[in-house]
Amino acid sequence: MRLRALAPLAVVLAALVVLAVWGGGSSGWWPVLSGRPPAAERSPGGPGPAQSVREPPADAAGALATSRPAARPTATPVPTATPRPTPTPVPVVLRGRVVAADTGEAVAGALIGAAETQAATRTDAEGTFTATVPAAAGRIAVSAPGFRDESLAVSAGTAATVALAPSGVRGTVEDAFTGRPLGGVAVTGESTRQTRTDADGMFRLGDAASPTVSVSAGAYEPASIRPASRPQRVRLTPREVRGVYLTFFGVGDRGLRENALALIARSEVNAVVVDIKGDRGWIAYRSEVPLAERIGAVKQITIPDARAFLKQVHERGGLAIARIVVFKDDPLARARPDLAVRDARAGGPWVAGEGRAGTDPFRPEVWEYNVALAVEAARLGFD
């Protein structure tokens, strides 16, 4: 009877033990059964209703953290600007005419081109052109042989006239008194721009690179012309020569040579005549004519530097005239007796009272030797 009465109490005690083990601590079920909230849920001001949500047990929170990875923030995509299409340049149609600045005449075949597009066209026989170029070109080049380059502004709807200034010269040179064409005349622009007239006196200098062009020949007064688009006729007046004479040995004397140069610079004297082959047959400078070396005609040199001497004469405005004694030629007559004037009685070269032999003026070999010396002198710079 007493045991049966204690059975319900034992059941209650067993349940309380289970609850205590399962929810131990201040956060388990005991505080709920006792009617008191857990310490973490009490209001700081004293007893009252719960002020916060109860945290899950530490072991449960750890299990949740390991089973679910932390969420990563998602980046918001930045919108990109849509590129605007580049407008296509509108080509410009240019029309115009190219003329010579000095005469106003049409320039046919002038090149009209834009370097940016490598596009180009040429003027027709009337000097007119039509060119299509992009507006971005800004300016286009205009060029023609014998003229200075120009440029044209790119502007739609405008008929342009381009005047090209001549840069070259062409024409003929003749003797002012006889009208005879003069060959070998020097036509010079800038120092490096030079040409010479041909046998008919004609010349062409494509680009003089100078505002004036000189025309000069040794025996004539020099003239000057300007670049032009039309052919020019240049008439040269022969010089009135007033010269001094330096013999074979005189040109070798420094004092005499300097006196002659001073006369050219300060007086009416405008020329010097020099024996480059005197009446002894010797040559005053170091000749490169082979026969002169073989016959011993260059043993006595009186002009050590022929080019330097000629430069001094020309710098003072003078003419340098070479004198060649042709048939009084002792070295050639003795080296080549077959070319000498023969002594019929003695049977050898005829010898004059000075003790020197002479050459036969009818022998072509004698002519050729002296012509070779004259050509060499001209190439050295003698007028």
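**Exercise 1.** Which residues of the largest nonpolar core touch the most other members?

*Solution.* The model is predicted: local features need pLDDT of at least 70, side-chain atom pairs count only at pLDDT 80 or more, and totals for chains, interfaces and linings use all residues. Residues are numbered from 1 along each chain as its sequence is written, and side-chain values use heavy atoms, leaving out hydrogens and water.

Step 1. A nonpolar core is a set of buried Ala, Val, Leu, Ile, Met, Phe, Trp, Tyr and Cys residues joined through side-chain atoms within 4.5 Å. Buried means under 20% relative accessible area, exposed over 50%, and partly exposed in between (1.4 Å probe, protein chains only).

Step 2. The largest core has 33 residues, and Ile 283 and Tyr 369 touch the most other members.

Step 3. At least two core residues come from each of α4 (254-266), β16 (271-277), α5 (290-294), α6 (306-315) and α8 (364-380). Helices (H or I, at least four residues) and strands (E, at least two) are DSSP runs, numbered from the N terminus. The most, five residues, come from α8.

**Exercise 2.** Sort the aromatic pairs by geometry.

*Solution.* Step 1. Rings of Phe, Tyr and Trp (its six-membered ring) pair if their centres lie within 6.5 Å; planes under 30 degrees apart count as stacked, over 60 as edge-to-face and the rest as tilted.

Step 2. The structure has two such pairs. Phe 248 and Phe 249 have ring centres 5.1 Å apart and planes at 85 degrees, so this pair is edge-to-face.

Step 3. Phe 248 and Trp 282 are 6.3 Å apart, centre to centre, with 55 degrees between the planes, a tilted pair. Phe 248 lies in the loop between β15 (243-246) and α4, and Trp 282 in the loop between β16 and α5, 34 residues apart.

Step 4. With a relative accessibility of 5%, Phe 248 is buried. Phe 249, at 43%, is partly exposed, and Trp 282, at 26%, is partly exposed.

**Exercise 3.** Is Lys 277 buried or exposed, and which backbone oxygen does its side chain reach at 2.6 Å?

*Solution.* Step 1. Lys 277 sits in strand β16. Its relative accessible area is 1%, so Lys 277 is buried.

Step 2. The side chain of Lys 277 reaches the backbone oxygen of Val 325 at 2.6 Å. A polar atom of that side chain lies 3.3 Å from the backbone oxygen of Val 326.

Key. A polar contact is a pair of N or O atoms within 3.5 Å; within protein, one must be able to donate a hydrogen and the other to accept it, and residues adjacent in sequence count only if both atoms are side-chain atoms.
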